[in-house]
Amino acid sequence: MKDSYTIHEIAELYNIGPDALRYYERLGLVRPRRAQNGYRIYDLNDIYRLTIIRDLRGLGFSMERIGEYLQGLSVENTLQLLEEERRLIRERIRDLRAAERAIRARSAALTDYARMDEGAICLIELPARPCLCLNADIARDEEMDFAIKRLHRRHADTIRDLGGQKIGASMSPDDLRAGKIGLYRSVFFILDAEHAETADFALPGGQYARLFYRGSYRRLGERVEALLSWVRAQGLSPTGDVLELYHIDNRFTGREDEFFTELQVRTERREAQPLV
C-alpha cells in the first residue's frame with residue numbers, strides 16, 4: 001500500500017469528486033500537505049479519515065456530527081459513536097423489514113387481482129375508511145395522473161411508496177345523471193391504520209355494492225350503469241358518490257387489458273311507497 005496519494009488518486013479510490021475532497025479540507029476533516037508543485041498529497045491518516053467519513057455518511061450521519069467525532073477522536077467518543085451506529089443500523093433493518101412486508105403484500109395482491117373474475121356484483125359491509133383527498137375537477141388520462149402526483153407530493157412524508165398505495169377517485173351522482181361519465185370530483189388515498197391520524201376525511205362506513213372490471217377505462221360507462229341498475233333491482237338506493245378504485249393500473253403495467261378496477265357505491269334500503 002502506498003503511503004501518499006494525489007487528489008485524483010483519492011477521488012478515484014473513493015469514487016468522490018475532487019470538489020468533495022476540497023470541501024472536507026475546508027471543514028478540517030482531512031489535512032493534505034502540499035507538494036513542491038502545489039498539488040495536494042494525502043497520507044495514511046487522511047485515508048483513515050476518508051474511510052470513516054464514507055462509512056458514516058453511508059449510515060446517514062450528518063457532516064456536522066462526523067466533524068465533531070473526528071475533531072474529538074478518542075476511545076470514549078468512538079464507543080459513543082458505535083452505539084449511535086448500532087441504533088441507526090437497527091432502524092434501517094426495521095425499515096427494510098417493513099419494506100419487505102410491503103413488497104410481499106403488493107405481490108400477493110397483484111397475483112390475486114390478476115386471477116379474480118370480473119363482472120359479478122355483490123354487497124359488502126365496509127367500515128369508515130380514513131383518506132387523504134384532493135378535490136378538483138379531473139378528467140381521465142393525464143389529468144388523473146397529474147392529480148395523483150399532486151396529492152402524493154402534498155403528502156410525500158406520509159405516503160412514501162406510491163406503488164403500494166390504495167388509490168381511488170369519486171364521481172358525483174349529479175354528473176352521472178347528466179351523462180358526464182369519466183368526470184371526477186376528487187382523487188383520494190385510502191390510509192392504513194398506521195397513518196389514519198393524518199387523514200383529512202373518511203369514506204363513510206356502511207353497505208356497498210361492488211363490481212370489478214378488467215381492461216380499458218373506456219368500459220367505465222357501461223360498468224357504472226350495470227352497477228347502479230343492479231342496486232335498484234335489489235330494492236336499494238345508491239347514495240353518495242360512485243367510487244373507482246385502481247388495483248392494477250399504469251403503476252404496474254403498460255397493457256390496458258391487464259388493468260383491474262373496482263367500482264363501489266354505498267347503498268340504502270329503499271323506503272316502501274305507501275298504498276294509495
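Leaving aside neighbours within four places in sequence, Arg-223 is in contact (heavy atoms within 4.5 Å) with Gly-119, Leu-211, Tyr-213 and Leu-263. The model is predicted, so local features need pLDDT of at least 70 and side-chain atom pairs count only at pLDDT 80 or more, whereas totals for chains, interfaces and linings use all residues. Residues are numbered from 1 along each chain as its sequence is written, and side-chain values use heavy atoms, with hydrogens and water left out.

**Arg-223**
- Arg-223 belongs to helix H8, residues 220-233 (helices, H or I of at least four residues, and strands, E of at least two, are DSSP runs numbered from the N terminus).
- With a relative accessible area of 15%, Arg-223 is buried (under 20%, with exposed over 50% and partly exposed in between, for a 1.4 Å probe and protein chains only).

**Aromatic pairs**
- Five aromatic pairs are counted, where rings of Phe, Tyr and Trp (its six-membered ring) pair if their centres lie within 6.5 Å, and planes under 30 degrees apart count as stacked, over 60 as edge-to-face and the rest as tilted.
- Phe-212 and Phe-260 are stacked because their ring centres are 5.3 Å apart and their planes are at 10°; this pair links strand S9 (residues 206-214) with strand S11 (residues 260-269), 48 residues apart.
- Phe-212 is buried at a relative accessible area of 8%, and Phe-260 is buried at 0%.
- Tyr-217 and Tyr-246 have ring centres 6.0 Å apart and planes at 75°, so this pair is edge-to-face.
- Ring pairs also link Tyr-113, Phe-212 and Phe-260 into a cluster.
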